[in-house]
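Take a walk through this predicted model.

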Amino acid sequence: MNKNKRIAIIGAGPGGLTLARILQQAGFNPVIFEGEISATQREQGGTLDLSEDMGQKALKVAGLLEQFKKVCRYEGEAAKIMDKTATVLFEEGPNVDEEHSGDRPEIDRTMLRQMLLESVNPESIQWGHKLLYATPLENGQHALHFENGVTEVVDLAVGADGAFSKLRPLVSDETAEYSGVSMVEINILDAKKQFPDIVELNGLGSVFALDDQKGMIAQMNGDGKIRIYLSFKAPYEWLHNNGINYDNLEEAKPELLKLFEDWSPELKKYIHYANGPIFPRHIYMLPVGHKWEHKKGITLLGDAAHLMSPFAGAGVNLAMLDASELALSIINHDDTDEAVYNYELKMFEYAGEIAAETKENMDLFFENNAAKTLSDLMKSHHVE
Ligand SMILES: Cc1cc2nc3c(=O)[nH]c(=O)nc-3n(C[C@H](O)[C@H](O)[C@H](O)COP(=O)(O)OP(=O)(O)OC[C@H]3O[C@@H](n4cnc5c(N)ncnc54)[C@H](O)[C@@H]3O)c2cc1C
């Protein structure tokens, strides 16, 4: 094991932080270079479920599982699948505690990031270091060129820098492509207190209302907010030429309501009650089964390696699993290059399978009769 290798992790997302934590616990000194200027520059997004075989497995390796269990929400595992009439075709949960849990309790993304940030050596994070590009050097090292003018030479560069990774072009010609799905994210702040009727409909977890090749996907967050992804199969340009004013929620609402004109009034409350930020989102993905030929001194993990749509809730789980697999491989091999090669072989296989499942899910969500098909699928999983 070579603890003196200079390891650079690009990106302080869930993947990069998990990798840093596990390596630091084992006595390595990786440095994280993060483009944002501080931990609070950006709101971190909604609620996530961490599965026993991926996210929680990584937290266990990182020594953070017990801490996670103290703050996660078992009741957040609740799920309902509905059609546009708000008829519930499948329902599960809510679960009250770990004993009665499925294997995917929820945690707000901000809380997960905080927990991971607090677990790493604060001096190992270089905020405000946005990678512009990297250049391979003859001996397998890489020079990292940052927007702030800094250049660093490292033995191993790990791209944990998400969908539009700046390290990816060094190993692969593939780029993140539009998946064909666009979303308008809206939020109902303080729903628990202000809008008990929508909380009654939504429950404490997620709602998947699917019909007419579109969807309302709603998730209760730990702070009582409901985050809703209005989801559409649409050409890329549609999101910005559909007449919706994303700068003014009240002006946007009638346009959004028109898109769900014949949907149940109960479901349309998700739009009527929206009182928080609104964001247009294109969903991107890498080709299913994305892989590359191993190159010395560089690798990728998480979205940088296998960006996929959110329709299987796998992204964060996989990023953390990759991080723990890579860290353990580095810890358990004397030769770092061999460690990275072994990690890549293993990761390509499991990530490829999940990417294929995710793509199937995405197609299913936008089929005619999607709610019924998805409900039948969920019921068959419960029988198995
Ligand atoms: C709408 C939506 C909903 C989602 N819902 C879920 C869900 O419910 N469950 C789930 O598991 N996943 C979900 N995902 C996917 C999930 O967000 C990602 O898969 C996950 O965050 C990937 O983690 P990561 O660490 O690989 O990358 P990221 O979380 O993207 O982190 C990358 C980090 O790198 C930094 N960075 C980027 N570029 C640079 C650069 N050039 N230089 C330095 N730093 C850089 C970024 O600032 C960031 O901190 C969702 C995604 C979307 C779009």
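Which residue stands opposite Phe279 in strand 16? Glu185 does. Strands here are DSSP E runs of at least two residues, and helices are H or I runs of at least four, both numbered from the N terminus. Strand 12 and strand 16 pair in the antiparallel sense over 6 bridges; pairing requires at least two DSSP bridges between two strands.

This is a predicted model, in which local features need pLDDT of at least 70 and side-chain atom pairs count only at pLDDT 80 or more, while totals for chains, interfaces and linings use all residues. Residues are numbered from 1 along each chain as its sequence is written, and side-chain values use heavy atoms, with hydrogens and water left out.

Axes are lines fitted to C-alpha atoms, for helices over the stretch in contact (heavy atoms within 4.5 Å).

Next, the rings. The structure holds 11 aromatic pairs. Rings of Phe, Tyr and Trp (its six-membered ring) pair if their centres lie within 6.5 Å; planes under 30 degrees apart are stacked, over 60 edge-to-face, the rest tilted. Tyr178 and Tyr236 are edge-to-face, at 5.2 Å centre to centre and 85° between the planes. This pair links distant parts of the chain: Tyr178 is in strand 12, Tyr236 in the loop between strand 15 and helix 7, 58 residues apart. Tyr236 has 38% relative accessibility, so it counts as partly exposed. Buried means under 20% relative accessible area, exposed over 50%, partly exposed in between (1.4 Å probe, protein chains only).

Phe260 and Trp263 have ring centres 4.9 Å apart and planes at 85°, so this pair is edge-to-face. Phe260 is buried at 0%. Trp263 is buried at 2%. Ring pairs also link Phe208, Phe311, Phe365 and Phe366 into a cluster.

Finally, the domains. An automatic or database assignment sets the bounds: domain 1 (7–72 + 108–175 + 288–365) and domain 2 (177–285). Their centres, taken over C-alpha atoms, are separated by 29 Å. The contact takes 16 residues from domain 1 and 17 residues from domain 2.
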